[in-house]
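Q: Hey, could you walk me through this one? I'm new to it.

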Amino acid sequence: MVQYSKARLDASFAALSDATRRGVLEQLGRADASITDLAEKFHMTLTGMKKHVGVLEQAGFVITEKVGRVRTCKLGLRRLEEEAAWIEAYRQLWDARFDELDKIVEELKRKEKDDGE
């Protein structure tokens with residue numbers, strides 16, 4: 001199996017585990033926004049939004065820039081190839097297991113049918 005950076009995956013999945021942070025990413029996908037704008041949109045305090053943005057920034061999903069008193073957020077350059085590959089590896093593993101389970105179930109059905117005749 002491919003080796004993944006545990007710290008990077010942990011940071012990514014931790015950042016994406018929160019609905020507010022996913023919402024922030026969706027919002028920033030439409031347009032850059034200040035922390036104040038994001039806090040208002042998500043009905044939370046500036047301090048709360050700063051914490052969410054900080055988590056996203058540490059994971060590389062968001063970049064912030066301070067101009068004067070306004071901190072503007074925009075999507076970072078970080079892509080999710082490593083995370084998608086990790087998920088895909090497990091999807092393939094589970095697909096293979098379910099395929100084997102389907103074979104067993106079909107074999108049991110066939111035997112049950114043969115025994116009933």
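**Starting with helix H2**

Q: Which elements do the buried residues of H2 pack against?
A: This is a predicted model, to start with. In it, the buried residues of H2 pack against helix H1 (6–16), strand S1 (33–34), helix H3 (35–41), helix H4 (46–58), strand S2 (62–67) and strand S3 (70–75).

Q: And which residues of H2 are the buried ones?
A: Those are Arg-21, Gly-23, Val-24, Leu-25, Gln-27 and Leu-28.

Q: How far apart are the end C-alpha atoms of H2, and what should the helix span?
A: They are 17 Å apart. H2 covers residues 19–30, so at 1.5 Å a residue its 12 residues should span 16 Å, and the two values agree.

Q: What goes on at the start of H2?
A: Look at Asp-18 there: one of its side-chain oxygens comes to within 2.9 Å of the backbone nitrogen of Thr-20. The Asp-18 side chain also reaches the backbone nitrogen of Arg-21, at 3.1 Å.

Q: Where does Asp-18 lie?
A: In the loop between H1 and H2. Asp-18 has 23% relative accessibility, so it counts as partly exposed.

Q: How far is Asp-18 from His-52 in space?
A: Their C-alpha atoms are 8.9 Å apart, while in sequence the two residues are 34 apart.

Q: Back to Gln-27 in H2. Why does it count as buried?
A: Because its relative accessibility is 16%, and buried means under 20%.

Q: What does Gln-27 touch, not counting residues up to four places away in sequence?
A: Leu-38 and Lys-41.

Q: OK, new topic: the largest nonpolar core. Which residues touch the most other members?
A: Leu-38 and Val-62 do, in a core of 15 residues. The elements giving two or more residues to this core are H2, H3 and H4.

Q: What is Leu-38 in contact with, leaving aside neighbours within four places in sequence?
A: Leu-38 is in contact with Val-24, Gln-27, Leu-28, Ala-33, Met-49, Val-53 and Cys-73. Val-24, Gln-27 and Leu-28 are also on the list of buried H2 residues.

Q: Which residues line the largest pocket?
A: The lining is made up of Ser-34, Ile-35, Thr-36, Leu-46, Lys-50, Lys-66, Arg-69, Val-70 and Arg-71.

Q: Is His-43 buried or exposed?
A: Exposed, because its relative accessibility is 76%.

Q: Now helix H5. How many residues does it have, and how far does it reach?
A: H5 runs over residues 81–116, which is 36 residues. From first C-alpha to last it reaches 52 Å, close to the 52 Å expected at 1.5 Å a residue.

Q: Which residues of H5 are buried?
A: Glu-82, Glu-83 and Ala-89. What covers the buried residues of H5 includes H1.

Q: Tell me about Glu-83. What does it touch, not counting residues up to four places away in sequence?
A: Glu-83 touches Arg-8, Leu-9, Ser-12, Phe-13 and Arg-78. At 3% relative accessibility, Glu-83 counts as buried.

Q: Where is Leu-9, and is it buried or exposed?
A: Leu-9 is in helix H1. It is buried, with a relative accessible area of 8%.

Q: How far is Leu-9 from Trp-86?
A: They are 77 residues apart in sequence, and 8.8 Å apart in space from C-alpha to C-alpha.

Methods:
Residues numbered from 1 in each chain as written. Predicted model: local features only at pLDDT ≥ 70, side-chain atom pairs only at ≥ 80, totals over all residues. Heavy atoms only, no water. Helix = DSSP H or I, 4+ residues; strand = E, 2+ residues; numbered from the N terminus. Expected span 1.5 Å × (residues − 1). Buried < 20%, exposed > 50% of the residue type's maximum accessible area, 1.4 Å probe, protein only. Contact = heavy atoms within 4.5 Å. Polar contact = N/O pair within 3.5 Å; in protein donor to acceptor, adjacent residues only side chain to side chain. Core = buried A, V, L, I, M, F, W, Y, C linked by side-chain atoms within 4.5 Å. 1 Å grid on protein atoms, 1.4 Å probe; cavity = no way out; pocket = protein on both sides within 12 Å on 5 of 7 lines; lining within 4 Å.
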